[in-house]
Amino acid sequence: MKQPRPLARKPVLHHVTFKTSRLQEMLDWYEAVVGCTAGFTFEGAGWTTNDTANHRIAFLTSPAMKDDPEKISHTGIHHTAFEFGTLEDLVDNYERLAEVGILPDVCFDHGATMSFYYVDPDGNLVELQSDNFGNWIHSTHWMRTSEDFAREPIGVMVDPAKLIAALKGGLSVSELLKKSRAGEYQPEVPGNMHLPG
Ligand SMILES: [Fe+2]
């Protein structure tokens, strides 16, 4: 592909729109999990946001839409992601959702982020994360330059309950992150990353 001249001003990623056959379930789930409330809905669509943008997550529906039974092996979006400001906020949200039976399918210490992956009613993954460096500049630099990331770019699985027990036992976040990256909080049963093979 022939590259155009460089952008004078780069656009900002604004929203994601899903096709769905279960509009109300999706609206309810995104409100419960990430606090996205609907600004406008009708029988064919809904637009939701959890910040000051007019919408961040939207849905289109029609009676002609149907689920994809081969979703996991078909190409397309694997997950969207939302970021909490701290690890404490991420695990607090884990506990809030666990109280009503909403649990992640797989959780990773990716090195740059701690990431819990939930599955919406349509089978789309939603990553809830916090930056392990507390700072996008530092985590970006680490991803680009560290041998640790090059060696283990997907990350190490973690069990959020073990992270919470360590934090409640008084371990600092920085010590916890060293141990989680070393594999100390892995789950008894590996999680499901919703990838084929
Ligand atoms: Fe991600």
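**Entry 1: a strand pair to start**

I began at Thr37. Its bridge partner in β3 is Thr49. I then looked up the whole pair: β2 and β3, the latter covering residues 45-49, run antiparallel and are joined by five bridges. I note here that I am working from a predicted model.

**Entry 2: the sheet around that pair**

I asked which order the strands take in this open sheet. The four strands run β1-β4-β3-β2, and their pairing is mixed. The edges are β1 (16-19) and β2 (37-42), each pairing on one side only. Ignoring direction, neighbouring strands here are turned against each other by 15 degrees on average.

**Entry 3: Gly39**

I stayed on β2 and picked Gly39, which sits in that strand. A residue needs 20 or more to be called buried.

I listed the contacts of Gly39 next, leaving out residues up to four places away in sequence. Gly39 touches Trp47, Thr48, Thr49, Asn54 and His55. Thr49 is also the β3 partner of Thr37.

Gly39 and Thr75 are 36 residues apart along the chain, and their C-alpha atoms are separated by 30 Å.

**Entry 4: the helix across the sheet**

I moved to α1, residues 23-34. This helix lies across β1, β2, β3 and β4 (57-60). Against β3 it runs at about 5 degrees.

I checked its length. α1 has 12 residues and spans 16 Å from first C-alpha to last, close to the 16 Å expected at 1.5 Å a residue.

Which residues of α1 are buried? I found Leu23, Met26, Leu27, Trp29 and Tyr30. They cover an arc of only 165 degrees around the axis, which means that they lie on the same side of α1. An α-helix has 3.6 residues a turn, so residues three or four places apart point the same way.

What do the buried residues of α1 pack against? I found β1, β2, β3 and β4. Just past the helix end I noted Gly35, with a positive phi of about 70 degrees.

I went through the pairs around β8 (residues 125-131). With β5, β8 pairs in the parallel sense over six bridges. Ala81 has Glu127 of β8 as its bridge partner, and His79 stands opposite Leu125.

On the β7 side the sense is antiparallel. Seven bridges join β7 (residues 113-119) to β8. Thr113 has Asp131 of β8 as its bridge partner. The hairpin of β7 and β8 has five residues between the strands, and in it Gly123 takes a positive phi near 90 degrees.

**Entry 5: the nonpolar cores**

I looked up which residues touch the most other members of the largest nonpolar core. The core has 17 residues, and the answer is Leu90, Val91, Cys107, Phe116, Tyr117, Val158 and Leu163. The elements giving two or more residues to this core are α2 (87-98), β6 (106-109), β7 and β8.

Leu27 and Tyr30 I had already listed as buried residues of α1.

Leaving aside neighbours within four places in sequence, Tyr117 is in contact with His79, Pro104, Asp105, Val106, Cys107, Leu125 and Glu127. His79 and Leu125 also stand opposite each other in the β5 and β8 pairing.

**Entry 6: overall figures**

I closed with totals. The protein has six helices and nine strands. Its C-alpha atoms fill a box of roughly 50 × 50 × 40 Å along the principal axes. Of its 197 residues, 21% count as buried.

I also checked how far contacts reach along the chain. Among contacts between residues at least 6 apart in sequence, 58% join residues at least 24 apart.

How values were computed
Residues are numbered from 1 along each chain as its sequence is written. This is a predicted model: local features need pLDDT of at least 70, side-chain atom pairs count only at pLDDT 80 or more; totals for chains, interfaces and linings use all residues. Two strands pair if DSSP finds at least two bridges between them. Axes are lines fitted to C-alpha atoms, for helices over the stretch in contact, and angles run from 0 to 180 degrees between N-to-C directions. Two residues are in contact if their C-beta atoms, placed from the backbone, lie within 7 Å. A nonpolar core is a set of buried Ala, Val, Leu, Ile, Met, Phe, Trp, Tyr and Cys residues joined through C-beta atoms within 7 Å. A residue is buried if 20 or more other C-beta atoms lie within 10 Å of its own, exposed if 12 or fewer, and partly exposed in between; C-beta atoms are placed from the backbone. The expected span of a helix is 1.5 Å times one less than its number of residues. The arc is that of the directions from the helix axis to the C-beta atoms.
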